[in-house]
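Please read them with the structure open.

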Amino acid sequence: MNAAALNPFSFAQGRFRQWWQARLPLSDTITLTQRNVYILPTRPGFMLGATLLVLLIGSINYQLNLGYLLTFLLAGCGVVAMHVCHGTLRGLTMNLTTPDAQFAGTSTTLTVVLTNERASPRYGIGLAVLDATHEDRWVWTDVPALGQSTVQVAFKPERRGVHRVPPLTAETRFPLGTFRVWTVWRPSAQVLVYPKPEAFPPPLPPGEPRAGGVVTARAESTGEFDGVRTYRRGDPLKLVVWKKVAKADELVSRDSQQAQRYELWLDFAHAGHADTEHKLSRLAAWVVQAERLGLDYGLRLPGQQVPTGSGEAHKRRCLEALATC
Amino acid sequence: MLTARRSGPDDSAFARQAAPVAALLRLHSLPRDGRDTLFLLLVIGWIILPQVGNLPLWCSALAGALLVWRGWLAVSSRPLPGHWWVLGLLTVALIATYLSYRTLLGRDAGVTLIVTLLALKTLELRARRDIFVVFFLGFFTMLTNFFFSQSLATAAAMLLALLGLLTALVNAHMPVGKPPLSHAARTAAWMTLLGAPVMAALFVLFPRIGPLWGIPSDAMSGRSGLSATMQVGNLASLVLDESIAMRVKFEGRAPPQNELYFRGPVLSTFDGREWRPLQSRLGSRSLLALLGGTAQLQVMGEAVRYEVTLEPNNRPWILVLDAAATPPVVPGFETVMTSELLWVANRPVTDLLRYRAESHTSFRHGPSSIAALPPEYLELPAGFNPRTLALAAQMRSDPNLAGRGPQALVQAALDRLRTGNYHYTLDPGVFGRDSADEFWFDRREGFCEHIASAFVVLMRAMGIPARLVTGYQGGELNGVDGFWIVRQSDAHAWTEVWLAGRGWVRVDPTSAVAPGRTGSFQRLQAPRGVIASAFGSVSPNLAAGLRSAWEALNNSWNQWVLNYTQSKQLDMLKNLGFTTPSWEDLSYVLLALVVALALTGAAWTLWERRQHDPWLRLLMRVRKRLAHAGIELPPTTPPRQIATVVTQRFGEPGRAMADWLLKLESQRYARHPDVSLASLQREFKQLAWPTP
């Protein structure tokens with residue numbers, strides 16, 4: 001039980017928030033109206049109120065008619081500022097571009113397009129993921145008159161799987177900072193989150209003898225399957241692994257013999273002793289590594305299997321299997 | 001394009017001109033932080049500037065230096081000084097304020113502190129909170145300006161300052177990029193413009209109530225009214241207090257208005273700053289000498305009988321018309337007359353007091369020989385007003401006046417007031433140490449206190465016994481009940497000079513400066529400024545026109561803004577139909593206005609939420625009619641599709657409807673629609689829509 005649950009007030013607050021957010025409609029496009037834009041005075045707003053009170057008392061006590069004028073003009077500006085502040089968000093249309101699949105734990109962005117159908121610009125609109133807590137989560141933008149602006153909101157998926165995009169919030173304090181106007185938006189788009197690849201994975205597992213092939217001891221048992229060997233004179237150029245060459249500064253060939261005899265299976269059962277999530281995260285790291293090496297690889301998970309193959313589509317298919325299993 | 005360059009001295013002039021231009025260009029290329037800070041500093045400087053004359057020299061210098069220093073830090077993008085700097089400077093300022101005023105409380109010390117704090121806080125612009133503190137201190141400083149002047153010019157300057165502060169505040173809430181300040185300025189101007197009606201409504205309707213609690217005595221010194229002493233020149237402006245001082249009902253005909261001098265305390269002792277009554281210096285002298293006045297008063301002509309209702313003023317003075325030889329009949333009080341003709345009661349008037357009195361407007365009083373006159377009537381403080389003394393010596397030695405006696409000298413002084421470009425104003429600014437010198441030679445304007453005080457100083461300097469009399473002058477006749485209403489704003493100061501053989505003679509120098517001040521209701525003569533003088537030499541007609549426009553403007557400013565008091569508010573309520581208005585009624589009107597506005601806003605929101613595009617509304621009506629006939633269509637169905645549905649469903653009878661729908665479509669989408677929406681609406685009503 002965490003600390004928030006122990007404090008009855010914050011517990012109730014949390015429950016209320018959950019209930020409130022669950023009521024919000026799910027939509028990738030939202031047009032802000034009076035019904036979904038909220039407004040409250042800020043601390044400087046209360047400070048301005050106190051200032052007005054002191055100015056008024058000063059004017060009364062010293063019988064300054066010009067002081068009354070100043071106080072009331074300032075109060076009038078405060079009232080107008082409240083409407084301007086609310087109007088900055090009201091009538092704005094926000095549209096979320098469907099996000100690409102991401103690895104868990106990596107920082108990425110959600111692209112939101114803001115459309116202003118008003119003949120005057122809207123200044124100082126900030127967007128953020130609702131529950132993000134870090135300081136610089138806000139992205140600020142102005143939306144030109146009768147125009148659009150595009151905002152990249154920082155977003156860090158924590159868990160793998162298919163998730164709904166987290167609720168977003170937009171806020172403005174323009175023009176005087178005396179009021180905070182905000183909205184909460186639940187987009188309906190879903191984002192596929194792959195497991196977080198292990199940071200320092202062990203080498204790829206050894207290959208398995210190809211079914212139906214001749215089972216012999218491995219000729220060059222280096223203890224690891226990387227499917228490559230140093231270049232030998234006479235190797236055809238198409239066997240050269242150019243990616244590796246670029247890194248190692250020596251010619252490396254694909255070990256066609258090994259590749260013919262063995263095939264690489266990334267198996268859930270052989271991905272270490274750790275718990276499921278760690279295993280998935282290791283498998284994800286292997287998939288990324290095998291794809292980088294240009295190998296053929298297959299994925300074996302409890303209950304499903306991805307046949308061997310290579311290429312971007314194959315990698316995506318494997319990662320998707322890892323994300324959703 | 002400049003094709004040929006001139007040589008010679010013009011080059012250096014060009015270079016001199018180029019330097020500020022380069023600085024401006026550099027200003028333009030400053031990073032956003034620097035530019036915003038500089039702008040804010042400029043606005044703060046503008047707010048403090050009108051105060052400079054009223055602040056101690058060290059305070060103005062410190063504030064100026066701090067602002068310049070902060071500006072330099074902003075331009076050169078240097079870090080701000082540490083907290084110890086600010087704390088140290090604050091301590092120094094507190095000590096200096098205490099040394100200047102011997103207190104940290106009160107109005108003047110408070111103003112000094114606020115200005116210093118505002119300048120100091122600019123050194124601490126770190127977080128958003130600091131910026132707000134600067135803004136709110138700025139608003140206070142603007143208010144403190146009004147302690148010293150409430151003139152139209154001050155109002156204009158502070159309006160500009162308010163726009164500047166709002167611009168800076170709006171700009172601080174535009175977090176993206178480096179938007180030009182003009183964008184923020186436009187928003188600020190719009191907000192001020194839209195806020196103005198709120199201001200007007202609140203200004204008119206907010207109940208004017210008295211001070212909420214006792215405040216330092218300097219607070220009320222700017223108001224007209226009577227007091228036991230009079231400081232000359234420390235009031236920059238006079239607020240006319242419209243509250244009623246007394247009501248007078250004459251039996252028979254009232255004397256002419258310019259003879260209605262209600263006598264209050266007489267001030268005869270002057271120390272350079274302050275006028276005090278004679279007795280305060282007499283101390284141990286016998287009271288009898290003072291109270292022997294009655295014997296020296298001889299009244300002439302017919303008596304004026306009247307009844308006075310005096311508002312409580314917490315003073316023991318029984319105000320009567322100059323001069324009452326017989327004691328006024330004051331129930332419950334004992335009265336006695338001083339040698340200066342003031343009737344004094346045995347206790348202060350704390351409740352509404354009604355009394356009857358009998359006065360003679362023509363009278364003589366005072367000793368017949370100068371030897372019987374106390375010497376105080378000729379005393380002047382040493383070392384004050386040297387130029388007035390020189391003027392007195394010059395007038396006495398003037399061959400035109402020599403040998404014609406004191407009366408000619410008095411007349412010469414009055415002529416000087418009449419013809420020497422002297423003006424009556426309620427807003428003359430604060431006078432310095434030599435108030436008479438400043439009035440006679442520098443400012444040449446002031447209200448009755450300045451004029452009377454300067455006049456008495458000149459008289460005494462010429463060897464003519466003189467004293468200052470305060471009281472009320474004039475009043476207005478209420479045509480309905482026949483009462484004369486004397487308001488606090490009718491408070492006046494005039495002088496009396498002693499002339500051999502005539503005794504004390506009343507001289508009202510204010511009427512020489514502003515003939516309208518006494519005798520009619522006009523209180524203010526328009527000041528003649530630099531611009532007006534400049535125009536005067538160009539085109540006299542234009543100048544006269546401008547001057548009367550300026551006078552009218554200034555007068556309405558005085559009448560409608562500075563002079564807008566509770567009595568005017570209640571008058572306005574009477575015009576609105578309240579029979580017995582009170583300040584609670586003002587609150588009700590204000591409340592009603594707020595409620596009406598809120599309801600209007602709600603109604604507008606409701607209307608806005610509804611579909612109010614006429615074309616779409618027409619389409620919606622079509623859908624409704626069809627829904628009646630059992631044809632449910634989604635709200636997104638375009639007219640052409642509806643037309644198809646209608647022809648399919650009704651065949652030939654639906655043809656007219658389908659044509660109409662196609663016309664509706666072309667009205668919206670054709671490049672040059674040949675049919676108006678109004679005619680379509682008419683046709684809509686004539687169409688035979690299907691019935692279920």
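1. The model is predicted. Strand 11 of chain A covers residues 179–185, and its side chains alternate. A:F179, A:V181, A:T183 and A:W185 point to one face and are buried.

2. Strand 11 of chain A has strand 2 of chain A (residues 38–41) as a partner. The pairing is antiparallel, over four bridges. One pair to check is A:L40, whose bridge partner in strand 11 of chain A is A:R180.

3. Strand 10 of chain A (residues 168–172) also pairs with strand 11 of chain A. The sense is antiparallel again, and five bridges join the two strands. Here A:T172 has A:V181 as its bridge partner.

4. Now the open sheet in chain A. Three strands form this sheet, in the order 4-12-9, with mixed pairing. Strand 4 (102–103) and strand 9 (161–164) of chain A are the edges, and each pairs on one side only. Strand 4 and strand 12 (residues 190–194) of chain A run parallel to one another, paired over two bridges. A:F103 has its bridge partner, A:Y194, in strand 12 of chain A.

5. What lies across strand 9 and strand 12 of chain A? Helix 8 of chain A does, with residues 312–324. This helix runs at about 95° to strand 12 of chain A.

6. For chain A as a whole, the secondary structure comes to eight helices and 18 strands. Of its 325 residues, 34% are buried. Among contacts in chain A with a separation of 6 or more, 66% join residues 24 or more positions apart.

7. The largest nonpolar core has 111 residues. A:L70, A:L283 and A:V287 touch the most other members. Helix 4 of chain A (residues 65–89) supplies the largest share, 13 residues. Leaving aside residues up to four places away in sequence, A:L283 touches A:L266, A:F268, A:A271, A:L299 and A:L322. Another core, of 74 residues, lies apart from the largest one. Its members include B:F447, B:A452, B:A461 and B:A514.

8. Helix 14 of chain B spans residues 448–461. From first C-alpha to last, its 14 residues reach 20 Å, close to the 20 Å expected at 1.5 Å a residue. The helix is mostly covered, with 14 of its 14 residues buried. Just after helix 14 of chain B, B:G463 takes a positive phi of about 85°.

9. Last, the interface. How many residues of chain B are in contact with chain A? The count is 40 residues of chain B, against 38 residues of chain A. On the chain B side, helix 6 (128–148), helix 7 (152–172), helix 8 (181–205) and helix 17 (540–562) each give two or more residues. Helix 8 of chain B gives the most, with 10 residues. The residues on this side divide into 33 nonpolar, six polar and one charged.

How values were computed: Residues are numbered from 1 along each chain as its sequence is written. Chains are lettered from A and ligands numbered from 1 in the order in which they are written. This is a predicted model: local features need pLDDT of at least 70, side-chain atom pairs count only at pLDDT 80 or more; totals for chains, interfaces and linings use all residues. Two strands pair if DSSP finds at least two bridges between them. Two residues are in contact if their C-beta atoms, placed from the backbone, lie within 7 Å. Axes are lines fitted to C-alpha atoms, for helices over the stretch in contact, and angles run from 0 to 180 degrees between N-to-C directions. The expected span of a helix is 1.5 Å times one less than its number of residues. A residue is buried if 20 or more other C-beta atoms lie within 10 Å of its own, exposed if 12 or fewer, and partly exposed in between; C-beta atoms are placed from the backbone. Ala, Val, Leu, Ile, Met, Phe, Trp, Tyr, Cys and Pro count as nonpolar, Asp, Glu, Lys and Arg as charged, and the others, Gly among them, as polar. A nonpolar core is a set of buried Ala, Val, Leu, Ile, Met, Phe, Trp, Tyr and Cys residues joined through C-beta atoms within 7 Å.
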